[in-house]
Amino acid sequence: MKTCCMILLAAFASLASAQQNSVTSILEVLDVTNGQRTIVKEFPYRVEAPNWTPDGRWLVYNSGGKLYKLSPDSPGEPEMIDTGFATRCNNDHVIAADGKQIAISHGTKEDGKSRVYTLPIQGGTPRLITPMAPSYLHGWSPDGRQLAYCAERNGNFDVYVIPVEGGEEIRLTTAEGLDDGPEYSPCGDYIWFNSVRTGLMQVWRMKKDGSEQTQMTFDETRNSWFPHVSPDGKSVIFITYYKGDLEPGQHLPNKNVELRLMPAMGGEPKTLVKLFGGQGTINVNSWAPDSKRIAFVSYRLAPASLSSGFTTEILGNRAITRDE
């Protein structure tokens, strides 16, 4: 049985590698004030999850387990960020508000499970913050003191926070099912996240101590993921999947999705753009400092990949996709 499992894992890895090379990634910038889409750069392989640096000079993204940066205004060849031993970085990475550090989620060599690390934004040796795994980073408090992440403990995925220097983690959600994507509001008083607790995946908000957990979207036709608050605190953008395309707790690649915008105080969301994407499109906050633009990734598959639903499902598994 053990030998059979090893063969299956090798086959899955081969499928993941094949899809990495059969997809075109289009890194784009969307102006939310007028809906204009601008292509920054196309890549003949998979890139994911752009962050905009606080000074507006760079977009940081992950690809093939490593991090890169690229100018959104004059894109040339991407520059790799030295992450030391962390060469299995997934699409959960966040830049500190002061722009001096970046926190990453990396599949550690010993067990392959994702843990959170921090390092200087210019590169360096990562420092382990969450010894327990799996832990998937999503938020950094504006005062620089706390990290927020989704973690699986005892069979349930919940939202946790931990001091940025490491220490005891604090569990903020206790609902059955998946709570994911925690991200601080710019004022630091709230944490936005997505939860499947009411059936379909919906956007939620709570106080930073976990109190006043409040549902913010009530869509009966879409599953809503990864709310990102604009730097001015006025707007929230998130990604949605169509009901029936996948299970509410799945966040798969290679799906027809929408980017939707809603007021941070609550209200009816509106669709900004429809695209082919999903996992990797907008996992982390990618608002520009001016709160008018957002970066995202859309995808285009080679013809052979379009007929392979099996590969999509395998890569859609949370652990495999994030640790690609």
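Where does asparagine 254 lie? Look in the loop between strand E20 (235-242) and strand E21 (255-263); helices (H or I, at least four residues) and strands (E, at least two) are DSSP runs, numbered from the N terminus. Before going on, note that this is a predicted model, where local features need pLDDT of at least 70, side-chain atom pairs count only at pLDDT 80 or more, and totals for chains, interfaces and linings use all residues. Residues are numbered from 1 along each chain as its sequence is written, and side-chain values use heavy atoms, with hydrogens and water left out.

Back to asparagine 254: its phi is positive, near 60°, in a residue other than glycine. Asparagine 254 is also buried, at a relative accessible area of 9% (buried means under 20%, with a 1.4 Å probe and protein chains only). Alanine 49 isn't a glycine either, yet has a positive phi of about 55°. This alanine 49 sits in strand E3 (residues 48-52) and is buried, with a relative accessible area of 0%.

Proline 134 falls in the loop between strand E10 (127-128) and strand E11 (135-140).

Now for the largest pocket, with a volume of about 530 Å³. A pocket here is an open set of points on a 1 Å grid over the protein atoms alone, where a 1.4 Å probe fits, with protein on both sides within 12 Å along at least five of seven lines; lining residues have an atom within 4 Å of a point. Of its 26 lining residues, Ile95, Ala97, Val229, Pro231 and Asn285 are the closest to its centre.

How values were computed: Buried means under 20% relative accessible area, exposed over 50%, partly exposed in between (1.4 Å probe, protein chains only). Grid points are joined across faces, edges and corners, and a volume is the space filled by probe spheres set on the points.
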